[in-house]
Amino acid sequence: MREQTTVAIKGVKDGLLVTVSESGEWQIIMNDLAARIDHQSAFFNGARITLDVGSRPVRRDELSSLKAMLERRNISLWSVMSDSATSIDAASALDVRAAQTTSMAQGVKPDAAPFNPEEDGTIGVMIRRTLRSGRTVHSHGHVVVYGDVNAGAEIIASGDVIVWGRLRGNVHAGADGDESAVICALDMTPTQIRIAGYISIPPKDKRHKPKPETATIRDRQIVVVAWG
Amino acid sequence: MGGKVITITSGKGGVGKTTTTANIGVALARLNQKVVMIDADIGLRNLDIVMGLENRIVYDLVDVVEGRCKARQAMIKHKTFPELYLIPAAQTRDKTAVSPADMIQLTDGLRTEFDFIIIDSPAGIERGFRNAVAAADDVLIVTNPEVSAVRDADRVIGLLEAENKGPGQLILNRVKQDMIRRGEMLSPEDVTDLLAIKLIGIVPEDETVIPSSNSGIPVTLNDKSLAGLAFRNIARRLLGEEVPFIQLSESKGLFKRIARLFAGGER
């Protein structure tokens with residue numbers, strides 16, 4: 001039997017963490033993982049897996065076949081960790097939780113000052129579609145959505161959140177505590193917005209006219225003002 | 001390639017998936033199409049009742065999938081339309097008795113024989129939903145003009161897009177024009193603005209729908225029913241015809257006149 005070094009499995013707080021090698025063929029990794037699972041199927045049955053693919057760019061079809069392989073074995077793919085935008089995008093397209101990790105986030109030291117948007121190398125994700133209900137985006141950087149954020153969708157970002165469209169869902173900017181984070185949208189009618197530790201619910205306004213607005217923290221509360 | 005597989009789904013329960021499936025199936029059969037309907041709601045079988053075929057069931061979908069019978073043996077022929085068939089769901093099993101691959105295999109076998117294979121999806125977004133959409137060429141999403149149903153439709157459209165099945169087309173069911181006029185109900189424009197997908201049918205609330213379903217005669221066979229007309233129009237649109245939406249905005253008198261006009265014109 002071939003040495004199975006392409007896959008490492010370890011138990012973590014809320015499930016299993018599966019780390020796969022950053023190189024080598026995806027099919028081989030899948031086969032190795034399947035073999036490991038089938039070897040101890042009772043142990044894996046019903047498990048919830050967090051997949052760490054490191055910097056490996058995993059395409060949607062690759063991730064989709066892995067997810068199907070796991071589901072056939074009654075294992076759910078709970079979330080995907082990667083610092084590759086391709087992998088993160090594939091995960092969110094498949095409705096799997098996605099978390100950006102390691103090297104991209106390494107640019108930000110935990111004790112360093114909040115994001116400086118003018119500095120080179122600012123991290124972030126660009127999402128070029130509408131986020132529909134049930135879709136969640138997590139990012140350690142900024143999030144730009146070119147599309148709408150529908151009610152029931154959620155964005156959690158350590159940095160700013162900019163929606164080039166209608167914002168109707170939930171957004172949490174500065175989720176790691178950055179009170180200078182902002183939320184902008186062309187039409188700001190969210191279910192709820194949060195910046196750092198502050199929460200705000202927009203007033204009910206029947207005769208609402210869409211206009212670009214920005215939410216920031218001022219005097220210990222979230223205020224929404226016209227953009228620009 | 002042959003026939004087309006159309007799945008009817010919604011996310012939320014009770015919005016009219018089964019009624020829509022039955023009526024579109026019958027309306028297509030009336031337009032001389034060969035149609036087979038599949039009830040994918042295993043464990044909560046309903047389509048056979050709405051079609052008035054409950055007492056003719058011998059084999060069901062799970063029997064076909066598990067190889068206890070041929071697909072042909074499980075197909076129940078409709079009483080009036082010889083080219084309309086139903087494969088009923090099993091009542092005693094659950095959604096896991098069938099897999100998405102089983103559905104693809106089954107429908108691939110039926111495509112050569114039928115023009116349309118219409119799958120009635122269960123509510124929800126779990127296994128039953130995945131089974132129902134696995135084989136779909138086209139997905140019709142049924143929703144009602146209320147916020148919770150539209151929210152679920154949005155979720156379903158997102159899932160369909162993730163599986164490259166999306167975004168699908170929308171059927172807005174149980175529309176009450178007088179409530180829209182009073183600002184108490186979402187209008188078709190409000191709904192399409194939210195969901196940003198193509199509308200293929202607007203079905204008005206109609207008191208003849210429930211008694212029709214109860215008696216196993218889908219409402220589209222009632223030429224006086226406005227909902228029945230709306231379902232016939234959806235069937236024509238599925239065949240590629242350009243059919244204008246029924247105008248529901250006028251007063252009640254005119255409303256009925258238009259209904260009669262359309263019904264008369266289609267006979």
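Begin by selecting A:Asn74, which follows helix H3 of chain A and has a positive phi, near 60 degrees; bear in mind throughout that this is a predicted model.

From there, step back to H3(A) itself, residues 60-72, whose 13 residues reach 18 Å from the first C-alpha to the last, close to the 18 Å expected at 1.5 Å a residue. Show the side chains of A:Leu63, A:Leu66, A:Lys67 and A:Leu70, which are the buried positions to look at in this helix. If you look down the axis of H3(A), its buried residues fall within an arc of 100 degrees, and therefore they line one face of the helix. On the other side of H3(A) you will find A:Asp61 and A:Arg72, both exposed.

What do the buried residues of H3(A) pack against? Select helix H1 (26-39), strand S3 (48-54), strand S4 (76-82) and helix H4 (85-93) of chain A, and you have their packing partners.

Next, display the open sheet of five strands in chain A, which runs in the order S1-S2-S3-S4-S5 with mixed pairing. Its edge strands are S1 (7-12) and S5 (97-100) of chain A, each pairing on one side only, and neighbouring strands are turned against each other by 25 degrees on average, direction ignored.

Finally, move to chain B and select B:Val36 and B:Leu61, which touch the most other members of the largest nonpolar core, a set of 133 residues. Around B:Leu61, contacts beyond four places in sequence include B:Ile38, B:Ile42, B:Ala74, B:Ile87 and B:Val98.

How values were computed
Residues are numbered from 1 along each chain as its sequence is written. Chains are lettered from A and ligands numbered from 1 in the order in which they are written. This is a predicted model: local features need pLDDT of at least 70, side-chain atom pairs count only at pLDDT 80 or more; totals for chains, interfaces and linings use all residues. Two strands pair if DSSP finds at least two bridges between them. Helices (H or I, at least four residues) and strands (E, at least two) are DSSP runs, numbered from the N terminus. Axes are lines fitted to C-alpha atoms, for helices over the stretch in contact, and angles run from 0 to 180 degrees between N-to-C directions. A nonpolar core is a set of buried Ala, Val, Leu, Ile, Met, Phe, Trp, Tyr and Cys residues joined through C-beta atoms within 7 Å. A residue is buried if 20 or more other C-beta atoms lie within 10 Å of its own, exposed if 12 or fewer, and partly exposed in between; C-beta atoms are placed from the backbone. Two residues are in contact if their C-beta atoms, placed from the backbone, lie within 7 Å. The expected span of a helix is 1.5 Å times one less than its number of residues. The arc is that of the directions from the helix axis to the C-beta atoms.
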